[in-house]
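Open the model in your viewer and keep the selection panel at hand. The stops below go sheet by sheet, then to the cores and a few single residues.

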Amino acid sequence: MIGWFICLFALVFISGFLVDKAKFEKSTYKKETDFSYWKVRNDKGLYGEYLTVNEIDKLKGYHKVLVNVYLPKVRGEGTTEVDIVLLHESGIYSIESKNYSGWIFGNEENKNWTQTFPNGKKQAFYNPTKQNRSHINALKKQLNELDEGAFKSIIVFSERCELKKIVLTSPDHKVIKRKRLRNAIHNEGRQVLSGSEILLIYKVLKRYANASSDVKVGHIERLKKIQR
């Protein structure tokens, strides 16, 4: 009897794994990154991006997505990495993905925000609104013919966390959990980009989405210095 239950459990597990992997292989995230299934499943940050892109794929209206876009900074000192760029009829969205658990506390004006775990342990992380401000500025530099109102900032947190106290002092950013992403975009309403404009912008930005290893390593080193 025990052996039968073990076999049944193994069958269910393998079946679920095969379905999950097949879904991943057909996903927009796989198409845009060419990452392997195991690479994404074993990295919380990448897996959060994958889940966010899956939500985006359910959006109504024509849209394109780019992932891990390394753009030159406005002042020329290296690059800034945009987790996800959504090109939608309602605008150009810089989406910062935070696949965190615990309680999240943050103020738009502070350098760091805080992640608090159930055991009381606290972890500081760089203010994502400041990150996304740099991303938006870099996008504006590359797409300087577009109206500033077309650029929008969204910070997306995991469903596993609780946004306990988030203080935003400007209307420039939205800080939400992943399941609210589609509603946030739908609520923007007004169309500002045509399908042909979206495709053209996608082609302009796509060349920054396949960064070399040197660019990625340099970016990480500069980011560590900023967050100290």
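Begin with the open sheet of five strands, whose order is β1-β2-β3-β7-β9 and whose pairing is mixed. Strands here are DSSP runs of E with at least two residues, helices are runs of H or I with at least four, and both are numbered from the N terminus. Two strands pair if DSSP finds at least two bridges between them. At the edges stand β1 and β9 (173–177); each has a single partner strand, so one side of each is left without a neighbour in the sheet. On average, neighbouring strands of this sheet are turned by 30° against each other, direction ignored.

Before going further, note that this is a predicted model: local features need pLDDT of at least 70, side-chain atom pairs count only at pLDDT 80 or more, and totals for chains, interfaces and linings use all residues. Residues are numbered from 1 along each chain as its sequence is written, and side-chain values use heavy atoms, with hydrogens and water left out.

**First sheet, close up**

Select β1 and β2. They pair in the antiparallel sense over nine bridges.

Now label Asn68, which lies in strand β1. Asn68 is not a glycine, yet has a positive phi of about 55°. Is Asn68 buried or exposed? With 10% relative accessibility, Asn68 counts as buried; the term buried means under 20% relative accessible area, exposed over 50%, and partly exposed in between (1.4 Å probe, protein chains only).

Trp103 has Thr116 in β5 as its bridge partner.

**The cores**

A nonpolar core is a set of buried Ala, Val, Leu, Ile, Met, Phe, Trp, Tyr and Cys residues joined through side-chain atoms within 4.5 Å. Which residues have the most contacts inside the largest one? Select Tyr29, Ile56, Leu86, Ile95, Ile154 and Leu181; the core they belong to has 22 residues. At least two residues of this core come from each of α3 (37–41), α4 (44–56), β1 (63–72), β2 (79–88), β3 (91–98), β7 (151–157) and α6 (181–186). The largest share, four residues, is supplied by α4.

Centre the view on Ile56. Leaving aside neighbours within four places in sequence, Ile56 is in contact (heavy atoms within 4.5 Å) with His63, Val65, Ile84, Leu86, Ile95 and Leu181. Apart from this core lies another, of 20 residues, including Val82, Ala138, Leu139 and Leu205.

**Two exposed loop residues**

Go to Arg75, in the loop between β1 and β2. Arg75 counts as exposed because its relative accessibility is 78%. Draw a distance from Arg75 to Ala138: the two are 63 residues apart along the chain, and their C-alpha atoms are separated by 9.3 Å.

Asp34 sits in the loop between α2 (28–33) and α3. Its phi is positive, about 60°, although Asp34 is not a glycine. At 60% relative accessibility, Asp34 counts as exposed.

**The whole chain**

Of its 228 residues, 42% are buried. Among contacts with a separation of 6 or more, 59% are between residues 24 or more positions apart.

Finish by colouring on pLDDT, the predictor's confidence in each residue, from 0 to 100. The mean is 88, and 84% of the residues reach 70 or more. Select residues 212–221, where the pLDDT is below 50; beyond near neighbours in sequence, this stretch has eight contacts in the model.

Conventions. Axes are lines fitted to C-alpha atoms, for helices over the stretch in contact, and angles run from 0 to 180 degrees between N-to-C directions.
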